[in-house]
Amino acid sequence: MSLVRNFIEDWSRYRRSIDEGGFHEYEHMWGMVIDLDKCTGCNACSVACYAENNLAVVGEDKFENGQGMHWMRIERYWDEPNIGNERVRDTQEHGASFMPMMCQQCNSATCEPVCPVSAAYHTPDGLNAQIYNRCVGSRYCANNCPYRLRYFNFFSYYEDSWPSPLDMQLNPDITVRDKGVMEKCTFCVQRIRSTKNAAKMEDRQVVDGEVQTACQQTCPTSAIVFGDLLDHESDVHKLWHKHQTRLGTTKQKKDNPELRGYRLYEQLNTEPSVTYLERVRDV
Amino acid sequence: MAEETHLSATKDIDEKIAWAEINSDVLRSMENPRMGYWLAVVVSICMLMVGVASEVYQYNVGMGPAQLNNPHMWDLYISTFVFWIGMSHSGTLLSAILHLFHADWRKPIYRFAEAMTTFSLMTALVFPIIHLGRVWNMHWVIPYYSDRGIWPNFRSPLVWDAFAITTYLTGSVLFLYIGMIPDLAICRDNAIGWRKRLYTFMSVGWRGDDRQWRNFRKTYLLMACFLIPLAVSVHSIVAADFAMAIMPGWHVTSFPPYFVSGALYSGCAAIITLFVLLRYFFKFEQYMTLPILDKTCKLTFAIAMVWSYLNLIEFASVWYGHDIPAKEVLIAKFTGPYSPFFLGMLFCGSVLPFTLAFEKIRRNPMLLLPISIFLNVGMWLERYMIVAPTLSLAYHPWSWDVMWPGWVEWGIVFGSFGWFGLLFLIFVKVFPSVSMYEVKEMVYHRRRVVYEDAELRAHEYKKGASGASSAAPATEGS
């Protein structure tokens, strides 16, 4: 009988909407909103990420080979200048569009099921974690990531990335990765952990705004908002709600076309936790 | 004399060969091969050295010198892995499937085909291991009881791969060994020194009495039945590595049958190559006869057509489907930077096999050697074209890129051919590469059972139909 009861309980758990965390037992559900209208493409977030997460600076050659380690990257897309024009124009009509890209912390991530050793797994915080010690470097996760946001240590970068005095600036809260390991944005998991520990010591819940990711902290225009999606009072939840971005859908339906929220590659059903707010243009 | 060549051109095997002659010919092959054999050994060792050197370098430095980068996390290693896995399938086709169909012509050639299966699997097994970033932790993929209580992720196709390949390797090694026991007993009776000790141990007391033969037959049949679904499942699982991913051009339902047909195809082409080489190295002209080569080529041709058909299905289902990124990848394969490889694959894989439609070519070993090698080049390109363009042109436009593999990758791929060649060459020198007892069965069958020689009749009929007025001289022989 207990088998049947367990089955029914599990079944109801699996039938739960992903808005409530789906089949995961979430304590938190960390999410993000990035306002592309506010983004100026200054790359400060990227630099902050390098400093916070001990990212190796690989050098020009390796970077050009595509072996760079930028967890947070600003993608730059130029407008197509020649569409509808006979003459090729030198200048861009609208300039560049910027796209800050970091791991989207998908709720049904494509990288997780394919890892042969479960090094990519889902935490109770709704994060997409990568266990460096467990990783054997099969790189299947990176191949299966539609956002191409996983970075592999192709060399032992630590050997010459931080020559002698510079190694003093490494963040002691996070490891320095050796060759053969996959890594990616963690939503600054070390900050989340320390804040949660502090809150636990004081026997209280984590307050919204208490955890700040390095990119959010550094963004001069406050384009990045980070918080707990399960906490209905958090800024990030309010923004998701305001722009009618919902989890558990492959296409956002909105009452008002002026609501700008969307998630990347929703049609693939990866359930990313990052909402982008569209850039508004005059033309 | 002319009559004899004519006979050897129509019969799978000459029924006049004495049984002692079969024994002595095969045993001689293990003693003194032609010079070409030793040349092949030296070439294989040199190639293997290149591969080992590259792997040592990669082990120390990391995956960087292979020029792998962010979109291209897999490249030549995985495509060559699929290639070698594919190569291993035709051994099972010849030894197990054709055994069940009672296709007797397989008998002189199935032993080396089965050896090819085993050794190409061993070569394939190397690739998923050395493509790991941290090779020294490769055992984590295998479920063993660990103190930390951590298991591999059973949802991952790579773990299925580990199971499938090791099972298939075990199965095919057993099958190869069991089928060899009566021959090992013959070797045991004719050997001295270390060979005597080896064969005595391996022939497990084979005396050739009734009970042993009965058990042997049953075991062999059972193993054959066991191995066929295994062979199909192995390559389906390798196909699942790609089909289970969501990438455009990989997420294709028809991949498993497509991979299996491609596997049989490249394996058959490899059998033709090794057929021609072994026939020369070991002076096996009497056993590996041209009619058998002819039939192998026909089989290859048929499988090539199946493969081409499945290729067309894949193109059509993408072209008429609604998966826009997959369509982009397909268009890029035809017109983009990879188009020389892709069109080369279509030429070698689908156009070149039409040369096998001509009987003159099917019976010309000198021509078949380059043709079969090019068929396999086409099949290797197929695997490369499955892996690389999808990674170059996946969903996210920011990461679109084209890469050219680095020297380390080429070195290891090159070395894998040496590794395979060396294992195979050692095998054919130490063990009988033509199955003695089954060739005897064939000869017996010809002598005692086949009174009406259907093939000979067919040949006469063809000659008569083509307008040759003289009667076929061959009827006197039977």
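Q: Is Lys107(B) buried or exposed, and at what relative accessibility?

A: The general idea is to compare relative accessible area with a cut-off, buried being under 20%. In this predicted model, Lys107(B) has 10% relative accessibility and therefore counts as buried. Its salt-bridge partner is Asp104(B), with the closest N and O atoms 3.3 Å apart. Asp104(B) has a relative accessible area of 24% and is partly exposed.

Q: Which residue forms a salt bridge with Glu202(A)?

A: The partner is Arg204(A), and the closest N and O atoms are 2.8 Å apart. Glu202(A) is exposed, its relative accessible area being 52%, whereas Arg204(A) is partly exposed at 31%.

Q: Which residues of chain B are linked in a network of salt bridges?

A: The network links Asp294(B), Lys298(B), Glu359(B), Arg362(B) and Arg363(B).

Q: Which residues of the largest nonpolar core touch the most other members?

A: In soluble globular proteins, nonpolar side chains tend to be buried together. Here the largest nonpolar core has 208 residues, and those touching the most other members are Met32(A), Phe187(A), Phe112(B), Phe242(B), Phe255(B), Phe259(B) and Phe424(B). A second, separate core has nine residues, among them Tyr26(A), Val33(A), Val225(A) and Leu277(A).

Q: What is Phe242(B) in contact with, leaving aside its neighbours within four places in sequence?

A: Its contacts include Tyr140(A), as well as Trp74(B), Trp250(B), Phe255(B), Phe259(B) and Ile386(B).

Q: Which residues of helix 13 of chain B are buried, and what covers them?

A: A helix is read by its turns: an α-helix has 3.6 residues a turn, so residues three or four places apart point the same way. In helix 13 (residues 339-351) of chain B, the buried residues are Ser339(B), Phe342(B), Gly344(B), Met345(B), Leu346(B), Cys348(B), Gly349(B) and Ser350(B). Their cover includes helix 10 (255-281), helix 11 (290-319), helix 12 (324-335) and helix 15 of chain B.

Q: Where in chain B is Trp380(B) found, and what does its side chain make a polar contact with?

A: Trp380(B) belongs to helix 15 (residues 365-392) of chain B and counts as buried at 13% relative accessibility. Its side chain makes a polar contact with the side chain of Thr80(B) at 3.4 Å. Leaving aside neighbours within four places in sequence, Trp380(B) is also in contact with Leu76(B), Phe83(B) and Trp410(B).

Q: Is Ser54(B) buried or exposed?

A: At 4% relative accessibility, Ser54(B) counts as buried. Ser54(B) lies in helix 3 (residues 35-61) of chain B. Not counting residues up to four places away in sequence, Ser54(B) touches Trp407(B), Val408(B), Gly411(B) and Ile412(B).

Q: Which residues make the nonpolar surface patch of about 760 Å²?

A: The patch is made by Met1(A), Leu3(A), Val4(A), Phe7(A), Ile8(A) and Trp11(A). Met1(A) is placed in the segment before helix 1 (2-14) of chain A, and counts as exposed at 78% relative accessibility.

Conventions: Residues numbered from 1 in each chain as written. Chains lettered and ligands numbered in written order. Predicted model: local features only at pLDDT ≥ 70, side-chain atom pairs only at ≥ 80, totals over all residues. Heavy atoms only, no water. Helix = DSSP H or I, 4+ residues; strand = E, 2+ residues; numbered from the N terminus. Buried < 20%, exposed > 50% of the residue type's maximum accessible area, 1.4 Å probe, protein only. Contact = heavy atoms within 4.5 Å. Polar contact = N/O pair within 3.5 Å; in protein donor to acceptor, adjacent residues only side chain to side chain. Patch = residues over 30% accessible without salt bridge, like charges linked within 9 Å, V, L, I, M, F, W, Y side chains within 5 Å. Areas by Shrake-Rupley, 256 points an atom, 1.4 Å probe, with all protein chains shown as cover. Salt bridge = Lys/Arg side-chain N within 4 Å of Asp/Glu carboxyl O. Core = buried A, V, L, I, M, F, W, Y, C linked by side-chain atoms within 4.5 Å.
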